[in-house]
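Dear colleague,

I am passing the structure below on to you, and after it I set out what I found. Please read the notes with the coordinates open.

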Amino acid sequence: MPPCQEDSRSFFEKLQNAEGLDLRDNRGKRHDLAVVLVGVTIAVLSNRDGCLSSIHRHLVNHYEKLVLALGIEKKRVVSRSQLPLILEKVAVRVFDRLVFENYGINLNCAERKWFALDGKELRGSIEKGSTRGEAVVVAIAHESRQSFAQDYYSGKKESEVKVVRGLLKETGLGSEKMSLDALHCKPKTLLLITQARGKYVVGLKENQKQLLKQVSQAIEQQAVLYKSVGFEKGHGRIETRGYEFYDILEMTKADRWQFCQMRTVIKVSREREEVKTGKKSQEQSYYVSNEVGRYEQLSKAIRDHWQVETANHIRDCTLKEDKMRSKKRLLIE
């Protein structure tokens with residue numbers, strides 16, 4: 001359905017007549033706020049919500065169609081420098097309410113939370129003659145470290161992929177912000193998240209050799225968008241982490257990745273030094289994301305996911321440890 005047909009026009013009229021929406025001084029109103037907000041809304045609904053520059057490009061490219069559909073006089077389109085100044089003077093709660101009433105969508109992405117999906121094999125669950133036992137897949141909130149959803153599987157590690165896809169569909173997690181390890185760097189999994197308008201950051205390793213090679217070659221030819229360094233001391237070692245961000249929106253990708261909306265590559269360099277021995281080790285890892293900008297948030301999401309994977313914080317009934325048959329003593333930190 002083309003943008004701004006009858007339903008969208010009524011949205012335009014509501015924007016024009018909304019009380020308390022426009023917080024600008026009357027002396028500086030060069031642009032019709034309702035026109036600007038309709039253009040921004042269409043851009044966001046077209047998956048351009050990751051970057052203000054992307055929203056502005058979409059607005060400029062579709063401005064003539066927008067003016068024609070609204071039946072208004074064509075004037076000068078808002079500039080990239082003016083757009084954030086105008087949006088700063090919008091009553092966000094009023095705008096969000098109008099968007100929700102008309103489209104059932106909340107544009108406030110800040111309300112989305114980061115969750116890690118991680119699988120763990122249960123100790124003591126391996127039957128005699130078997131090599132693998134029962135495992136649990138848990139969705140854990142980065143901020144609170146609380147379990148949000150879980151499911152079980154038995155058998156090969158690859159079975160975790162189906163369980164994760166099921167959780168994304170059944171719990172609505174696909175519309176949130178998800179961190180996943182490299183096992184889940186698969187088109188079908190990432191597509192579930194993008195179709196639900198969620199965000200993801202996922203590890204990229206040798207299980208996707210072609211994509212890893214393309215990414216490695218692409219970033220060699222690009223300037224770094226953003227760099228950051230973090231330090232952490234604990235458990236008898238000092239760790240230094242460096243994050244480098246690259247844009248891969250225009251990178252040529254295999255057809256199966258085309259709808260996953262990969263936009264950013266994060267290269268993480270870790271250097272660890274053992275305090276007692278002075279022994280040093282280094283490693284590099286790659287992550288891909290459909291998020292644009294928000295570099296510090298992505299850095300924190302990667303770090304929090306690693307902490308979720310290594311932390312042994314899910315106990316008792318969640319992991320059914322009261323039913324385990326292992327004779328080895330469990331050490332609880």
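Arg294 counts as partly exposed because its relative accessibility is 36%, where buried means under 20% relative accessible area, exposed means over 50% and partly exposed lies in between, with a 1.4 Å probe and protein chains only. Arg294 sits in the loop between strand E9 (280–289) and helix H10 (295–310), and although it is not a glycine, its phi is positive, at about 50°. Gln261, in the loop between strand E7 (237–247) and strand E8 (264–274), also is a residue other than glycine with a positive phi, near 55°, and at 25% relative accessibility it counts as partly exposed. Most residues other than glycine have a negative phi.

Please keep in mind that this is a predicted model, in which local features need pLDDT of at least 70 and side-chain atom pairs count only at pLDDT 80 or more, while totals for chains, interfaces and linings use all residues. Residues are numbered from 1 along each chain as its sequence is written, and side-chain values use heavy atoms, with hydrogens and water left out.

Turning to the sheet, nine strands form an open, mixed arrangement in the order E3-E2-E1-E4-E5-E9-E8-E7-E6; helices (H or I, at least four residues) and strands (E, at least two) are DSSP runs numbered from the N terminus, and two strands pair if DSSP finds at least two bridges between them. Strand E3 (147–154) and strand E6 (226–234) are at the edges with a single partner strand each, so one side of each has no neighbour in the sheet. On average, neighbouring strands of this sheet are turned by 20° against each other, direction ignored. Strand E5 (residues 199–204) pairs with E9 in the antiparallel sense over four bridges, and Leu204 stands opposite Tyr286 in E9.

Helix H9 (residues 209–220) lies across E5, E7, E8 and E9, at about 100° to E9; contact here means heavy atoms within 4.5 Å, and axes are lines fitted to C-alpha atoms, for helices over the stretch in contact, with angles from 0 to 180 degrees between N-to-C directions. H10 lies across several strands, including strand E1 (114–121), and runs at about 25° to E1.

Finally, the count of disulfides, defined as pairs of cysteine sulfur atoms within 2.5 Å, comes to zero. The sulfur of Cys185 is 8.2 Å from its closest cysteine sulfur, in Cys260, which is too far for a bond. Cys185 is buried at 0% relative accessibility, and Cys260 is buried with a relative accessible area of 1%.
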